[in-house]
Amino acid sequence: MTLILPHIDRLTPYALGDLPPEGSGAIKLNQNESPYPPSPLVLEALRTLGEEELRRYPDARCAQLRAALSRLHGVKEEQIFCGNGSSEIISLIVKGFIGPNRRLALPDPSFSLYHTVAASYQASSIAVPTRSDFTVDTELLMNSSADAIVLVNPNAPTGHLLPLEEVERLVSRFPGLVVIDEAYIDFADPGATAIPLVDRYPNVIVVRTFSKAYALCGARVGYCVAAEPLIAALEKSKDIYNINAISRKLAVAALEDREYTERTVALVKATRDSFIAELRSLGFDVIPSQTNFVLCTPPAGAGKPNAREWYRGLLERNIYVRHFEHPRLADKLRISIGTDAEMAAVTAVLRGLLA
């Protein structure tokens with residue numbers, strides 16, 4: 001007799017990037033984190049935490065954070081739900097809107113956590129192939145016989161952005177739930193967000209995170225924007241106090257300094273574009289990226305290392321990047337964008353490995 005439910009026993013956990021040993025001085029470019037610290041206002045908020053914020057239960061509705069997000073996006077507070085990272089919101093979406101024996105479709109390759117979460121709630125996930133250039137085929141998604149569609153936009157790990165007009169065409173024609181995961185939208189071209197669709201289409205949930213552009217991975221704060229009935233359903237499904245008082249305070253402080261966020265995002269985008277040019281000069285094939293990472297194929301040929309060997313070569317030199325076993329990604333590396341100095345060091349190592 002086993003105490004573990006069979007579908008959980010069979011579950012393959014989501015694969016995280018390797019964590020360098022503490023104090024190793026590694027260049028860590030495998031989890032798409034910000035290379036810059038959070039805003040000074042965030043650090044000041046951290047220093048001014050009082051004992052009462054630790055002793056008292058936090059506001060379960062996250063009223064202050066929702067009000068700040070309402071002002072930022074021009075939506076009602078009742079259209080916003082805040083979660084313990086976007087990962088909690090993903091779980092609640094599958095729990096509350098899909099559930100056992102129903103089907104979730106998403107492009108392939110994409111953020112594989114959705115497959116893991118679907119399996120944990122006994123839902124089916126359908127991997128809909130992207131085109132040969134990794135662009136998303138919305139017709140295939142709509143014809144997948146799914147009950148819900150997930151669109152990570154820009155997509156991870158490819159970096160591709162589906163234009164907003166194509167996103168709206170999908171939303172307007174698909175009768176079920178459409179989840180648009182915009183974890184990397186701050187690094188994309190302006191005007192790409194699907195949040196304006198929320199008021200026109202009651203079947204849309206737009207998911208966001210503070211982990212990337214706001215440099216708050218460790219705080220674990222995410223949110224989503226949707227029609228009020230969907231938000232009310234998420235509120236029913238969540239744990240009572242799903243965001244702690246410290247994380248909520250830091251997220252509010254981050255929103256108060258949009259100028260800092262926009263400046264660091266601009267730095268990352270400039271570094272990304274120059275790094276792509278460097279990679280191409282070394283013979284790498286690079287997918288155009290609208291994110292804070294690049295997906296690239298090392299030069300192939302007799303005597304040249306394959307992608308896994310490139311990955312190991314970088315790791316031996318204390319540089320952490322990502323290699324996937326997915327059949328369409330096995331010949332590629334995903335490299336997060338760090339500081340200019342970090343990317344120069346990576347380029348120098350790649351040039352040395354080529355030689």
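# Pockets, cavities and a helix in a predicted model

User: How much space lies in the largest pocket, and what makes this space a pocket rather than a cavity?

Analyst: About 900 Å³ of space lies in the largest pocket, where a volume is the space filled by probe spheres set on grid points joined across faces, edges and corners. On a 1 Å grid over the protein atoms alone, a pocket is an open set of points with protein on both sides within 12 Å along at least five of seven lines, whereas a cavity is a set where a 1.4 Å probe fits but cannot get out. This is a predicted model, in which local features need pLDDT of at least 70 and side-chain atom pairs count only at pLDDT 80 or more, while totals for chains, interfaces and linings use all residues. Residues are numbered from 1 along each chain as its sequence is written, and side-chain values use heavy atoms, with hydrogens and water left out.

User: What makes a residue part of the lining, and which residues lie nearest the centre of the largest pocket?

Analyst: A lining residue has an atom within 4 Å of a point, and the largest pocket has 40 such residues, with Tyr14, Ala15, Phe111, Leu113 and Arg322 nearest its centre. Helix H5 (85-98), strand S3 (103-108) and helix H6 (113-120) each give at least two residues to this lining; helices (H or I, at least four residues) and strands (E, at least two) are DSSP runs, numbered from the N terminus. Sorted by class, the lining has 17 nonpolar, 15 polar and 8 charged residues, where Ala, Val, Leu, Ile, Met, Phe, Trp, Tyr, Cys and Pro count as nonpolar, Asp, Glu, Lys and Arg as charged, and the others, Gly among them, as polar.

User: Which helix gives the largest share of the lining of the second largest pocket?

Analyst: That share, 5 residues, comes from H11. The second largest pocket has a volume of about 300 Å³ and is lined by 18 residues, of which Ile185, Asp186, Pro190, Arg208 and Arg258 lie nearest its centre.

User: How do you know that the length of helix H11 agrees with its number of residues?

Analyst: The expected span of a helix is 1.5 Å times one less than its number of residues, so the 24 residues of H11 (residues 258-281) should span 34 Å, and the distance of 35 Å between its end C-alpha atoms agrees with this. Just after H11, Gly283 has a positive phi of about 95 degrees. Buried residues of H11 include Tyr260, Thr261, Thr264, Val265 and Val268, and among the elements that cover the buried residues of H11 are helix H2 (40-47), helix H10 (245-255) and helix H13 (340-354).

User: Why is Lys212 called buried?

Analyst: Buried means under 20% relative accessible area, exposed over 50% and partly exposed in between (1.4 Å probe, protein chains only), so Lys212, at 11%, counts as buried. Lys212 sits in the loop between strand S7 (204-209) and strand S8 (222-226). Beyond its neighbours within four places in sequence, Lys212 is in contact (heavy atoms within 4.5 Å) with Gln31, Asn32, Ser34, Ala183, Tyr184 and Phe187. An unreviewed UniProt entry places the feature "modified residue: N6-(pyridoxal phosphate)lysine" at Lys212; such positions are given in the numbering used here, feature names are shortened, and annotations may be inferred rather than shown by experiment.

User: Which residues line the second largest cavity?

Analyst: Its lining consists of Ser34, Pro35, Phe187, Lys212, Ala213, Thr264, Val265 and Val268, around about 40 Å³ of space. The largest cavity holds about 70 Å³, and H11 supplies the largest share of its lining, 3 residues. By class, the lining of the largest cavity has 8 nonpolar, 4 polar and no charged residues.

User: Why is Asn101 called exposed, and why is Arg220 called partly exposed?

Analyst: Asn101 counts as exposed because its relative accessibility is 72%, whereas Arg220 has a relative accessible area of 32% and is therefore partly exposed. Most residues other than glycine have a negative phi, and most peptide bonds are trans. Phi of Asn101, however, is positive, near 70 degrees, and Arg220 also has a positive phi, of about 60 degrees.

User: What is the omega of the peptide bond from Asn153 to Pro154?

Analyst: Omega is near 0 degrees, and this peptide bond is cis. Another cis bond joins Ala156 and Pro157, with omega about 15 degrees.
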